[in-house]
Amino acid sequence: MDRKSWYLAFFSRVLFTHIHQPPPSSSFSYPSFFLSTGRFSLHLSPRTFKIRLDPFSSSLIRVPSSPDSDPRYQKGYLDLVFLAYHIVFFSFLRQVVTINLSHPIARHFGIKSTSKLNRFGEQAYALVYFAVMGTWGYRIMSQLPTYWYKTEYFWRGYPHWDMIPELKRYYLMHSAYWVQQLIVLLLCLEKPRKDYGELVAHHLVTLWLVGWSYLTNLTFIGNAVYMSMDIPDVFLAFSKILNYLQFVRLKLVAFLVFLCMWTYFRHYLNFVILWSVWYEFDLIDEANRAWIPEKGVWLVWWMKYQMIIPLSLLQILNIFWYYYILRIALRSLKPSTMTDDRSDDEDDGEANGHVDNEKEE
């Protein structure tokens, strides 16, 4: 079996397992699945057992007091198993989308250089991932009191330790994605760009925010931050794909839409979140402004700064990229000079006159 067939067979089995996992229940169940790749096979039979229900019990565990009409779930140490599984899952998903699916499409439109084929595949993967997660994040926020960025509900009713099922799965899958992306960067599985250091810093800050917000039961604000990041990235990836396909007029329109979306989500809404952390933190009931892990309460006074610092660092990185985005916007007034200051395609002879929009995530 050749490598392409091996990847497709393995990924299809993993995907089948992923979408057929049983929903969470009051017992933690290992899903039954069979992996067959042509090189090896693995069969796991169902194994169900009871786990004590407390704030630090198993992953995807149902809160026993929650009704069937509104089930709630809590975090636990075996969330790490869920996380590890999806790091592998996203590794194979990325391989299939970037190479097996995207390269034939790129070649169909005349892209031949290895560098541009790889970049096209990376952006196709980003487009698929952020379109799905951005839509899912919006759906989840619409079920929360925080919709649309009603920031006072980040704090009212804290601690938000009992999560709706979708919010927990969404949060853990996002966490797995960013861990996997950091691994890709550190192992240089993608050709590094000039802002490699900034990207590594971005991923580390993101994981800092993700980990602490999940641990301290701040998933409402975490969902809001994810939304502000995911949605503009859809338009970023789409505009880059149009650039590689040399759709000159359409890519210009897409870039201008992306610029508006980036400004609103990455800056305006991020400043709204920062304002909320600084000025609305005290909306938390005074009894819950304490460090009592067994009750799911973590927000002592200094935790405000633990949130402000990484959110501010994230905004500084966004401003860094925004500077280059605005430079491209100004250059778009003269299409023949639209280039990326940090593009790595200058060696392939095909990048002249094309926009490679700035931030690569």
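At what angle do α4 and α5 pack, and how far apart are their axes? The angle is about 150 degrees, and the axes are 10 Å apart. This is a predicted model. The points below cover its helix pairs, its cavities and some features of its backbone.

**Helices α4 and α5**

- Two packed helices are described by the angle between their axes and the distance between the axes.
- An angle over 145 degrees counts as roughly antiparallel. At about 150 degrees, α4 and α5 are therefore roughly antiparallel to each other.
- The crossing in which α4 passes α5 is left-handed.
- On the α4 side, the contact is made by K168, Y171, L172, S175, W178, V179, Q181, L182, L185 and L186.
- On the α5 side, the contact residues include Y196, L199, H202, H203, L207, V210, S213 and Y214.
- Sorted by class, the contact of α4 with α5 has 14 nonpolar, 6 polar and 1 charged residues.

**Helices α2 and α3**

- Helix α2 spans residues 79-108, and α3 spans 114-141.
- The axes of α2 and α3 come within 8 Å and cross at roughly 120 degrees.
- α2 and α3 are therefore oblique to each other.
- α2 passes α3 in a right-handed crossing.
- From α2, the residues that meet α3 include F90, L93, R94, V97, I105 and R107.
- From α3, the residues that meet α2 include L117, F120, E122, Y125 and Y129.
- This contact of α2 with α3 has 10 nonpolar, 5 polar and 3 charged residues.

**Helices α7 and α8**

- Helix α7 covers residues 248-280, while α8 covers 303-331.
- Their axes come within 10 Å, and the crossing is at roughly 160 degrees.
- α7 and α8 are therefore roughly antiparallel to each other.
- The crossing of α7 and α8 is left-handed.
- By class, the contact of α7 with α8 has 20 nonpolar, 6 polar and 2 charged residues.

**Cavities**

- Rolling a probe the size of a water molecule over the atoms shows where empty space is left.
- How many cavities of 30 Å³ or more does a search of the whole structure find? The search finds 3.
- The largest cavity has a volume of about 250 Å³.
- This largest cavity is lined by 24 residues, and the closest to its centre are L209, V210, S213, G222 and V225.
- The lining of the largest cavity divides into 17 nonpolar, 6 polar and 1 charged residues.

**Backbone features**

- Most residues other than glycine have a negative phi, and most peptide bonds are trans.
- The peptide bond from Y147 to W148 is cis, with omega near -25 degrees. W148 is found in the loop between α3 and α4.
- Another cis peptide bond joins Y158 and P159, with omega about 10 degrees. P159 is also in the loop between α3 and α4.
- Where does N217 lie? N217 lies in the loop between α5 and α6.
- The phi of N217 is near 65 degrees, a positive value in a residue other than glycine.

Conventions: Residues are numbered from 1 along each chain as its sequence is written. This is a predicted model: local features need pLDDT of at least 70, side-chain atom pairs count only at pLDDT 80 or more; totals for chains, interfaces and linings use all residues. Side-chain values use heavy atoms; hydrogens and water are left out. On a 1 Å grid over the protein atoms alone, a cavity is a set of points where a 1.4 Å probe fits but cannot get out, and a pocket is an open set with protein on both sides within 12 Å along at least five of seven lines; lining residues have an atom within 4 Å of a point. Grid points are joined across faces, edges and corners, and a volume is the space filled by probe spheres set on the points. Helices (H or I, at least four residues) and strands (E, at least two) are DSSP runs, numbered from the N terminus. Ala, Val, Leu, Ile, Met, Phe, Trp, Tyr, Cys and Pro count as nonpolar, Asp, Glu, Lys and Arg as charged, and the others, Gly among them, as polar. Axes are lines fitted to C-alpha atoms, for helices over the stretch in contact, and angles run from 0 to 180 degrees between N-to-C directions. Angles under 35 degrees count as roughly parallel, over 145 as roughly antiparallel, 65 to 115 as roughly perpendicular and the rest as oblique. A crossing is left-handed if the near helix is turned anticlockwise from the far one by less than a right angle, and right-handed if clockwise. Contact means heavy atoms within 4.5 Å.
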